[in-house]
Amino acid sequence: MTASWKEPDGEKFALGSLAEQAHWQGEYRRILEAARIADGGHPGEAAATVGRRLPRADVLYKVRGRARYVANVPMEGALHCRFVRSPHAHARIMAIDTAAAAKASGVVAVLTGAEIAPERLLVGTLTDDTPVLATDKVRYAGEPVVAIAALTEAEAEAACHLVAVSYQELPMVLTPEAALAPGAAEIDPKGNVIGDLRHEKGDLEAGFGAADVVIENTYRTEPIEHAFLEPPAGLAFVDPDGVLTVMVCTQYPHYHHRQLARVTGLPIERVRVVQTVVGGAFGGKMDNTVECAIALLALKTGRPVRMIYTREEVFVGTTKRHAMTIRYRLGARRDGRITALDAEYLADGGAYRSYSLIVGGRAVIHTGMPYNIPNMRTHYVVTFTNYPPSGAMRSFGVVKLAFAIECMMNELADRLGLNPIALRRINAYADGDRTGTGQTLLDVGYLKTLDAIEPIYAERRRVLEAEPVREGRKRGLGIACLGYGIGYSGTRNPSTARVRAAADGSVTAYCGTPDIGTGSDMSLAQIAAQSSGIGLHRIRVVSGDSTKTDDSGPTSASRTTYFSGNAALIAGQDFKRQFEAALARALALPEDQVRLENDTITARNQCLSFEDACRRIAGEIEGICGYGKFDPDIAVNILTFKGNPYPTYTYATHLVEIEVDEELGQIDVVRCWCAHDAGTVVNPIGAEGQIEGGVAMGMGQALWENVVRKDGVIVNPHYRDYLLPGAKDVPLEIECLWVASKDRTGPYGAKGVAEVSLIPVPAAIAGALTDACGVWPRRLPMAAEYVLRLVRGRDGRPLLARAGAEGRGLR
Amino acid sequence: MSECRYTRARRVDEAVAALAEAKGDAHVIAGGIALGILMNEKLVSPTWLVDISRIEALKGIVRGPDGTLRIGALTTHREVEESPAVAAAQPMLPEMAAEIACGRIKNRGTFGGNLSLADPQGDPPVAVIALRATMRAAGPLGVRDIPATEFFRDLYTTALREGELLQEVLFPPLAPGAGTAYGKFAARRAMDYTSTVAVGVRAVVEPATGCIKDIGLGLGGVGPIPVWARATEAALRGMRPEPAVIDRACDVLVDEIEPLADHLYSADFKRHVATVILRRTLARACARAARGVEARR
């Protein structure tokens with residue numbers, strides 16, 4: 001075994017050696033202090049940091065190209081792993097012959113599922129249903145069947161072509177409708193239905209009886225790829241102490257830790273998962289991809305094994321956003337008050353369960369949000385199909401609900417002759433309202449986000465009406481709103497944090513949820529600094545190492561600022577209390593005469609620097625551990641959907657302005673205003689980055705993104721044909737408006753941002769398209785041809801009009 | 001990739017000799033843009049690369065005394081975009097080059113390489129057809145001229161014979177009263193390769209009558225090869241660009257092109273897009289022709 005392993009002291013290996021780290025940290029501290037003072041901080045109040053615009057610790061090495069992703073973690077003698085993947089969407093595996101591959105040049109080991117004990121073979125999230133390597137049948141084209149470790153990637157790849165797998169093809173099931181049809185081929189032994197969720201509130205029929213207007217529409221969305229720049233990648237090795245160590249870009253190291261212990265059969269303390277710098281995740285780095293295979297191969301060969309997915313593998317071999325059909329029937333009175341909503345969802349869950357049930361649960365709970373609808377019925381069905389599994393992706397499906405409900409709201413406003421903002425006000429959730437699950441809402445900032453957008457909307461409306469637009473083009477404004485629950489749906493998901501100091505005055509905050517590129521480590525350090533009184537510059541956050549932090553759940557569901565932030569807050573307070581007590585004992589003072597504030601200790605009449613104070617209690621300091629655990633009482637009955645699914649909710653209203661080329665069907669997003677009730681904003685720079693990224697991502701889903709599937713195969717598995725917005729497509733003006741809001745349960749009043757920045761975007765663009773052209777989009781993406789067909793349909797003209805047939809011809 | 005022979009040619013005859021010796025088994029590399037993509041996608045695995053990137057004779061932009069513009073095959077898209085000589089002689093070319101991919105590709109990719117690839121999504125082929133350029137090829141038997149309208153033969157296939165190399169492209173001077181324009185449809189503003197539709201228009205307008213005396217139309221992205229829209233040209237030649245005439249020309253164009261449906265758009269949508277881009281580009285070309293005539297007065 002090669003042991004070129006250097007203990008990196010819990011850093012994310014981003015900076016290499018400790019000497020190198022010291023250089024960056026010194027540089028970073030200078031920038032940090034300058035930024036803090038530039039933002040109105042005073043040199044004398046080093047710890048007052050929540051709410052300040054502060055640069056993140058990782059930006060320096062990232063922009064200079066020094067971040068250490070899995071691909072460039074140095075590891076002598078590492079083998080390279082490649083998968084043999086199924087070419088068939090649904091087939092029985094008759095035989096696997098690896099003899100020729102095993103003898104091929106450079107091949108060190110070949111792994112099949114048959115070598116893994118059946119009780120260790122299956123992995124998953126809620127349910128262990130996904131084989132590490134398929135053994136008896138394959139359920140989607142691209143499913144891993146054999147793993148090969150070789151000296152070079154090219155040799156591993158070449159050997160893959162020598163593996164002979166004989167398949168007996170089975171009938172493919174390619175849509176949820178087909179999966180539910182009688183006599184459909186069975187994908188899973190338990191049937192083709194992954195989940196069938198129902199919820200009722202009030203009296204639906206009475207609600208429709210009281211309605212003056214009823215609107216019924218069906219909305220369809222396509223599968224979406226997360227499109228993180230860094231593909232799934234991992235490096236597994238056995239460290240000199242015999243601990244299986246897996247370095248991986250993930251949202252949830254502790255999940256892999258438990259799973260690897262089970263799959264390898266190693267005791268839990270013989271496994272370590274270290275998160276490397278993550279090049280984007282968005283929900284797509286929460287399932288097993290490379291982890292189990294490289295770990296098993298590392299154990300089999302005794303050598304480090306590295307694996308990095310190709311881009312095509314990212315498309316065919318990782319989870320996608322669910323394609324979904326949403327049918328809504330909405331009833332309202334003439335005055336705009338909504339009386340009833342009947343919601344039916346049919347989702348394509350792909351080949352395995354992954355996060356399908358979580359997405360479904362969130363859809364049920366968020367149906368109708370952020371509107372207070374007295375009578376509702378919700379029915380959500382998700383089925384298996386022979387496509388890659390559908391899983392978690394930013395907002396867990398709520399982006400599609402927002403598209404549907406906001407389009408319905410616009411249509412309702414149109415039918416009733418009401419201003420779209422006024423209609424939303426009439427139905428808005430407010431403090432004290434009870435949700436469909438029976439939860440009483442508090443600190444609802446939704447109306448404040450409408451208040452922030454309304455004057456801008458009025459002003460832009462005036463400007464657009466006054467300014468001429470180029471011939472053939474139309475302009476429009478669209479608004480869309482959301483309410484979104486923070487954290488896991490309806491299950492307890494505690495976060496913990498620990499704060500410790502060393503005699504030299506350096507402080508480490510150990511946080512269970514890893515930073516996946518959002519800047520959460522920075523926000524957590526700010527919160528811990530504020531609550532402990534320690535200067536921010538001293539605090540280094542260690543997160544993402546499964547052996548150094550407690551399992552605090554994944555960084556997902558917009559939960560890190562709120563859950564881990566609260567844990568960091570409590571840990572900081574606990575540290576401060578213990579630290580002051582220890583120092584009081586050392587100085588023989590009563591405890592209430594020693595105060596740690598603004599990075600300085602006041603002890604009766606004297607002042608001590610933090611370093612001096614640490615030295616005074618050098619014998620004790622290492623024993624002080626501030627501990628914080630935040631575990632709000634969250635529970636929902638999964639049959640009735642009654643209970644408190646989330647500790648708090650965030651709200652937002654987005655306004656977009658677009659220009660439409662009516663001859664080509666093309667939409668330009670010109671400007672975007674994003675009003676958010678995120679509670680207290682811990683670090684506005686980070687929050688703005690989230691919003692800008694969310695707008696770009698939402699634009700992609702609104703206008704272009706579509707994993708196109710045909711006959712069981714993805715036909716556009718690369719960025720040439722899977723279109724994302726580029727820098728020239730994203731509007732230059734994205735304005736963030738933080739409404740004055742404090743959550744009574746959040747750390748310093750914070751709720752979080754994250755996913756919600758994406759959710760209203762496709763809906764707002766759809767609303768703007770309606771405003772501009774008088775057409776009603778019902779599908780995503782709103783690609784040029786789709787928009788043109790809508791416009792042509794409005795005018796009663798065919799797509800391809802001929803002058804001969806139509807007289808006047810195309811314009 | 002297995003073993004690959006590599007020849008760095010310093011002169012055109014060296015390159016031609018190597019190509020002749022290879023008997024069709026060699027790949028020419030200049031900027032390497034398309035070749036790199038094809039190799040990455042494992043569609044091509046060269047066994048012999050003939051590197052022509054150092055051949056000085058293939059570089060440069062020259063405007064001859066008769067007004068002919070000569071662009072060497074190794075000229076980069078960026079040079080085409082930024083050259084004052086090109087802009088003065090053939091204003092469509094910088095307009096076209098601005099539409100090519102992105103800055104990095106424009107800095108590296110060559111004009112001649114792109115034409116030799118004969119990619120139906122490419123931009124330079126559209127321009128050379130519209131401008132009636134001449135493709136000058138060097139081969140074992142010497143130099144041979146091929147009209148641009150006859151250069152693109154099949155999917156990724158040109159009129160170049162085995163052992164021949166595109167040496168330079170010659171653009172005849174624009175006639176008095178000519179206006180040119182280049183228009184392109186793409187799904188995004190970010191660089192696009194898939195599903196683009198491009199139209200190059202060269203229109204010579206008779207000032208007295210306003211009639212289109214002569215016209216050149218090239219189209220990209222509407223079939224397996226870059227398209228010379230002969231029938232559409234005929235529908236416009238000698239006519240005044242009035243709405244009824246343009247409507248009729250669009251009907252002809254719809255029948256003349258055979259775009260392929262892809263995962264983004266149907267063939268009919270692309271036909272429609274081609275007519276819209278033709279209308280817009282033709283309008284710009286005619287307006288420029290009129291302005292040019294005014295400027296000369």
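Student: What share of the contacts in chain A with a separation of 6 or more comes from residues 24 or more positions apart?

Tutor: Residues 24 or more positions apart account for 79% of those contacts, where two residues are in contact if their C-beta atoms, placed from the backbone, lie within 7 Å. This is a predicted model, in which local features need pLDDT of at least 70 and side-chain atom pairs count only at pLDDT 80 or more, whereas totals for chains, interfaces and linings use all residues. Residues are numbered from 1 along each chain as its sequence is written, while chains are lettered from A and ligands numbered from 1 in the order in which they are written.

Student: How many helices and strands does chain A have, and how do you know how compact the chain is?

Tutor: Chain A has 22 helices and 32 strands, which are DSSP runs (H or I, at least four residues, for helices; E, at least two, for strands) numbered from the N terminus. Its radius of gyration is 28 Å, close to the 28 Å that the globule rule gives for 811 residues, so chain A is as compact as a globular protein of that length. The rule is 2.2 Å times the number of residues to the power 0.38, and the radius is taken over C-alpha atoms. Along its principal axes, the C-alpha trace of chain A spans about 90 × 75 × 50 Å.

Student: Why is V238(A) called buried?

Tutor: A residue is buried if 20 or more other C-beta atoms lie within 10 Å of its own (12 or fewer makes it exposed, and anything in between partly exposed). V238(A), which lies in strand β11 (residues 233-238) of chain A, has 22 C-beta neighbours inside 10 Å and therefore counts as buried. Of the 811 residues of chain A, 58% count as buried.

Student: What makes A235(B) buried or exposed?

Tutor: A235(B) has 21 other C-beta atoms within 10 Å, so it is buried. This residue sits in helix α9 (residues 230-236) of chain B and, leaving aside its neighbours within four places in sequence, is in contact with R248(B), A249(B) and V252(B).

Student: Why are α13(A) and α14(A) called roughly antiparallel?

Tutor: The axes of helix α13 (residues 420-427) and helix α14 (residues 446-466) of chain A come within 11 Å and cross at roughly 170°. That makes α13(A) roughly antiparallel to α14(A), because angles over 145 degrees count as roughly antiparallel, under 35 as roughly parallel, 65 to 115 as roughly perpendicular and the rest as oblique. In this pair, I421(A), R424(A) and R425(A) of α13(A) meet L447(A), L450(A), E454(A) and Y457(A) of α14(A).

Student: How many residues of chain A are in contact with chain B, and which helix of chain A gives the most?

Tutor: In the model, 25 residues of chain A are in contact with 23 residues of chain B. On the side of chain A that touches chain B, α21(A) gives the most, with three residues.

Key:
Axes fitted to C-alpha atoms, helices over the stretch in contact; angles between N-to-C directions.
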